[in-house]
Amino acid sequence: MALGMYFGFLAMCAIPEEVYQEGSNAQKALCYGIVTMATAIGVYIVSNIGEETVDLWDILTSASIPAIFMFAKAPDNAPTWIAVGAAIGCMYKSKYKPRSQPKSGLCRRLTSLTLAGMIIFAVWGSFLYHNASVTTSEGEKIKLRDSIDNFFTSPAWLQFKKNLWELYDYGQTHGWDKVWEQFVESLDPTGEANAIQVLGVDKDASQEEITKRYRKLAREWHPDRHKENKEQAQEKFMEIQKAYETLSTIKKKRERKSSQRRSNADDFDHRF
């Protein structure tokens with residue numbers, strides 16, 4: 001009975017609140033039918049464990065009787081009483097399984113378990129998508145489904161999708177064995193691409209050009225020059241400073257590695 005209640009309440013959660021509460025009579029009847037069926041299936045699964053079995057149709061018939069009354073009076077508690085009705089039906093309709101009934105094979109069991117797990121995850125996903133909400137920094141609650149729709153039109157997702165297509169083109173041109181390296185580079189783990197964008201310099205810019213650009217932007221966005229928008233200027237100033245430090249550090253590391261390679265090459269030439 002507990003599993004039937006769980007399935008019933010889970011089915012109720014998966015249904016959008018506006019359909020369940022404010023939908024047409026046909027929509028409500030469909031929702032009630034889904035909840036009744038889910039509860040009956042939960043009771044059916046438990047009742048078929050062991051030596052006894054019950055037909056699903058008998059359980060569904062017993063579950064439909066309290067469902068008709070509970071959805072009209074107290075729909076929020078309907079799964080509980082539907083499970084009770086289904087359990088009572090099991091008591092009177094149960095029968096022993098045939099002794100010669102063959103056992104299901106391992107492959108069939110795994111397939112059934114996988115399908116059951118997929119259904120459970122799909123129901124939970126439906127619940128989160130239709131009923132969950134997120135709270136913004138301003139305290140406004142937004143439905144998760146609206147947030148997801150907005151996410152797929154956001155600059156972050158569009159840029160991610162663009163990177164994926166670029167990786168696909170790169171793999172076709174240079175070979176798929178190089179895709180992982182390109183993927184890691186597209187994620188910008190060192191922050192170089194973002195720093196280049198912030199400072200507005202070329203990828204192959206020298207340290208002198210980077211420093212010159214940094215000083216110009218630092219003077220332009222110094223908080224003392226933006227007294228009306230001091231906080232915004234402060235954030236921009238810190239972003240510029242961080243970008244300069246990032247590029248400078250990367251340049252120094254590359255120069256150090258290049259110098260080390262040249263030194264190793266010279267040592268190799270002297271030996272031979």
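**Side-chain contacts in a predicted model**

Partly exposed is the middle class, between buried (under 20% relative accessible area) and exposed (over 50%), with a 1.4 Å probe and protein chains only. This is a predicted model, in which local features need pLDDT of at least 70 and side-chain atom pairs count only at pLDDT 80 or more, while totals for chains, interfaces and linings use all residues. Residues are numbered from 1 along each chain as its sequence is written, and side-chain values use heavy atoms, with hydrogens and water left out.

Now the charges. Side chains of opposite charge can pair when their charged atoms come close. A salt bridge here is a side-chain nitrogen of Lys or Arg within 4 Å of a carboxyl oxygen of Asp or Glu. How many salt bridges does the structure hold? There are 2.

One of them joins K236 to E239, with 4.0 Å between the closest N and O atoms. These two residues are 3 apart in helix α12, so about one helical turn separates them. Helices (H or I, at least four residues) and strands (E, at least two) are DSSP runs, numbered from the N terminus. K236 is partly exposed, because its relative accessible area is 27%.

K236 has another contact. Its charged end sits over the ring of W221, 5.9 Å from the ring centre. To count, NZ of Lys or CZ of Arg must be within 6 Å of the ring centre and within 35 degrees of the ring normal.

There is also the salt bridge between R254 and E192, whose closest N and O atoms are 2.8 Å apart. Here R254 belongs to helix α12 and E192 to helix α10, so the pair ties together parts 62 residues apart in sequence. Are these two partners buried or exposed, or in between? R254 is partly exposed at 43% relative accessibility, whereas E192, at 12%, is buried.

Staying with helix α12, K242 is also placed there. K242 is exposed, because its relative accessible area is 59%. From K242 to V198 is 44 residues in sequence, but 9.5 Å in space, C-alpha to C-alpha.

Next, the inside. In soluble globular proteins, nonpolar side chains tend to be buried together. A nonpolar core is a set of buried Ala, Val, Leu, Ile, Met, Phe, Trp, Tyr and Cys residues joined through side-chain atoms within 4.5 Å. The largest one in this model has 15 residues, and those touching the most other members are L199, V201, I210, Y214, I240, A243 and L247. At least two residues of this core come from each of α10 (192-199), α11 (207-220) and α12 (230-271). Which helix gives the most? That is α12, with 5 residues.

Another buried residue is A78, at 0% relative accessibility. A78 is in helix α5 (residues 78-93). V35 is 43 residues away from A78 in sequence and 8.6 Å away in space, C-alpha to C-alpha.

Now the surface. M37, I41, I45, V46, I49 and L56 make up a nonpolar patch, with about 470 Å² of accessible area together. Patch members have over 30% relative accessible area and no salt bridge; like charges are joined within 9 Å, nonpolar side chains (Val, Leu, Ile, Met, Phe, Trp, Tyr) within 5 Å. The areas come from the Shrake-Rupley method with a 1.4 Å probe, and for residues only the protein chains shown count as cover. Helix α3 (residues 25-47) gives the most to the patch, with 4 residues. I49 is in the loop between α3 and β1 (52-53), and I49 is exposed, at 63%.

Last, the aromatic rings. Rings of Phe, Tyr and Trp (its six-membered ring) pair if their centres lie within 6.5 Å; planes under 30 degrees apart are stacked, over 60 edge-to-face, and the rest tilted. By this rule there are 4 aromatic pairs. One of them, F152 with W157, is edge-to-face, at 5.0 Å centre to centre and 90 degrees between the planes. W157 and F160 have ring centres 5.7 Å apart and planes at 40 degrees, so that pair is tilted. Both W157 and F160 lie in helix α8 (residues 155-174), 3 residues apart, about one turn of the helix. Together, F152, W157 and F160 form one aromatic cluster. How exposed are its members? F152 is partly exposed at 43% relative accessibility, W157 is partly exposed at 22%, and F160 is partly exposed at 35%.
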